[in-house]
Number of protein chains: 2
Amino acid sequence: MTASPEDADRRARVWLSRVVEPGQRGVSELLDEVGAVELMRRIRAGEVPASLARATDSRRMQDRVEEDLAAAATHGIRLLVPTDPEWPTAALHPCVVATRAAGRPDLAPPWALWVRGRGRLDELLDRAVAVIGARAATPYGEHCAAELAFGLAERGWTVVSGGAYGIDGAAHRGALSAGGTTVAFLAGGLDAPYPPGNSRLFERIGENGVLVSEWPPGSTPQRHRFLIRNRLIAAVSAGTVVVEAAARSGTSKTAEDVTKLGRTLMAWPGPVTSALSIGTHELVRGGDARLVCRVEDVLEDVGRIGTDLAPRRRAEPRARDRLDPLARQVLEGVPGRGAVSPEQIAVEAAVPVPEVLRALPTLELAGAVERCEAGWRLPRRRNRRTTA
Amino acid sequence: MTASPEDADRRARVWLSRVVEPGQRGVSELLDEVGAVELMRRIRAGEVPASLARATDSRRMQDRVEEDLAAAATHGIRLLVPTDPEWPTAALHPCVVATRAAGRPDLAPPWALWVRGRGRLDELLDRAVAVIGARAATPYGEHCAAELAFGLAERGWTVVSGGAYGIDGAAHRGALSAGGTTVAFLAGGLDAPYPPGNSRLFERIGENGVLVSEWPPGSTPQRHRFLIRNRLIAAVSAGTVVVEAAARSGTSKTAEDVTKLGRTLMAWPGPVTSALSIGTHELVRGGDARLVCRVEDVLEDVGRIGTDLAPRRRAEPRARDRLDPLARQVLEGVPGRGAVSPEQIAVEAAVPVPEVLRALPTLELAGAVERCEAGWRLPRRRNRRTTA
């Protein structure tokens, strides 16, 4: 049996998802350069940079692709790779930019995604806000997270969180209670979503939304996996709201991630007498986060797609700066809304049609434009032409 | 009897303080230009702009200077005019600037100040912070105002407020309970400080601090007087902290005053479920106020760089944080339950076996793992691999 190139790539990515932990320096670049199949071969042969060789040393002789796929099938888990239509290309675009332009391997896009549930990931993430916070939350914090998530879901936004006890769980539940959709990014295998105490919640999430993990079935939720998982929550959400956080918590790393990913960080206030509000207040005082107190504040800050085209000035300039001058000029010819033909772009950008045709695939690869039935348009998620 | 020029000026200002309400357009400029004695003469003669003539029409034929001075003496109230050493020239400077440069008569310096209490006003205002807020405050708000004022007073700062019920009263009391000094700016005569329910508080304020008013004894605390009084609180304080405020309360005017006076506005957070925190959160979201959650934040924002800078909050380092990164990584490879071999740890942690073997004794010494017949495990007492 000869596997198609697509199938070979898929299987190589299954292998990578078990052998190479996300965040490993240089992997994302190698993957882009040589592809998953060749990268797998090189890792197995030890033909990789020393740090990657060391990091994969204890696992590289394993081959559990069959077992992992079988376990996934048993548990109703599907594998997504970048060539799949369901792969959330636009939502993960900030990861691509942050890794390539900013040299941040800890913000790299995933090699593959394991997904469980009836929702379609790319569509769920088209309008998404993350609501995250402390596990040891207060009743106040859980109440606020649930109310906020309810309001977001009611307005058609997907609520993204990490499936943990406390704020995360309250956020997922709030979205569900509005009949909305929610996505949980987990730090271990989806065969046994962690924490087990939330298993009924995970089932309900999967009814309309999905559970997502970078790790194959059977993977334990190790501490560093939670940290690296956090980048995906930050990346795929137009904005991240921290509802409660202790003074010493993961919030400073999250704040940095969100900023580097060009997303909006927001923090929820609370009584200063509560230790669980110290972290969120610090985010505001430090200038890292905007203060938000209700769903309207959040929507104002993330900017409503289609109604709020206010320029968003964070990491986007970097994406644009990486383009060559011609590609930038062509990009200027793509309107803020709607799809157009290459000929229309040529007129608008004052670039000859053949050059437009040459530039468009480059722009598409860079995630700056997307092809659709009607022609070419800016990615749905946000208006990329506001980057100037 | 011939009065000295100084005495004539003083008596003219007593007259002005009864006849001309603060905030009247053009008065401050006239006062600077022609002096109090000549201004009094012109107002009496009706030789002033129409608006001022109209505003003083019902009072300009009064002359209650003797009675006012007598009533003041009876109640232990002294009069301050700009030539007095106790006049808070530096503290009121922002009023001078705002009136002349920004054309804001509602921010003008007072014509005179009536003062009651043993403190010396100019010295008290040398290091002053205002703590203000809602009268119908919550227990949370009063607690926070008192704690903040206590901390400020303890560090030698004078707490300025408006003597009202709720936040103001809590702030004055907090300062007093630290043995500190506090100043109350009132909107009526000091012979009967308003509100009467705070009369015991006013007595205690006067023991080390002072009560201050622009209006002579017998003046009632009219509504507009509270508003115009607020500018003095804002002006004389290096910064103003709003602890609780309802939505659409007087805070927007205060915010504008503080900004126009070149002072720092700060707002105290609270539960979003409290109506009395909506106003303070709005100040932060609107960019009018800095969020402050403790006395150190306030001192950082009013600036006294080098002495009052807030240290960053740090929690105690956890045991696992004292381990080196490799040891931490190896520890992640030890399962929550059961014992495993070094080889199994190597696979799980993605660390080469020789390095696992080197790290395990260190972890054992740190009490993070223990050796047993079946290999290595987490100590029985509790699961040290706390998840993110």
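Residues 24 or more positions apart account for 74% of the contacts in chain A with a separation of 6 or more. Two residues are in contact if their C-beta atoms, placed from the backbone, lie within 7 Å. The model is predicted: local features need pLDDT of at least 70, side-chain atom pairs count only at pLDDT 80 or more, and totals for chains, interfaces and linings use all residues. Residues are numbered from 1 along each chain as its sequence is written, while chains are lettered from A and ligands numbered from 1 in the order in which they are written.

Chain A has 17 helices and 11 strands. These are DSSP runs (helices H or I, at least four residues; strands E, at least two), numbered from the N terminus. Of the 388 residues in chain A, 54% are buried. Buried means that 20 or more other C-beta atoms, placed from the backbone, lie within 10 Å of the residue's own. The C-alpha trace of chain A spans about 65 × 50 × 35 Å along its principal axes.

Chain A is divided into three parts, with bounds from an automatic or database domain assignment.

| Domain of chain A | Residues |
|---|---|
| domain 1 | 1-63 |
| domain 2 | 124-181 + 219-302 |
| domain 3 | 316-387 |

The centres of domain 1 and domain 2 of chain A, taken over C-alpha atoms, are 33 Å apart.

Chain A also meets chain B: 30 residues of chain A are in contact with 27 residues of chain B. On the chain A side, the elements giving two or more residues are α3 (50-56), α7 (139-154), α10 (223-236) and α12 (278-285).

Methods: A residue is buried if 20 or more other C-beta atoms lie within 10 Å of its own, exposed if 12 or fewer, and partly exposed in between; C-beta atoms are placed from the backbone.
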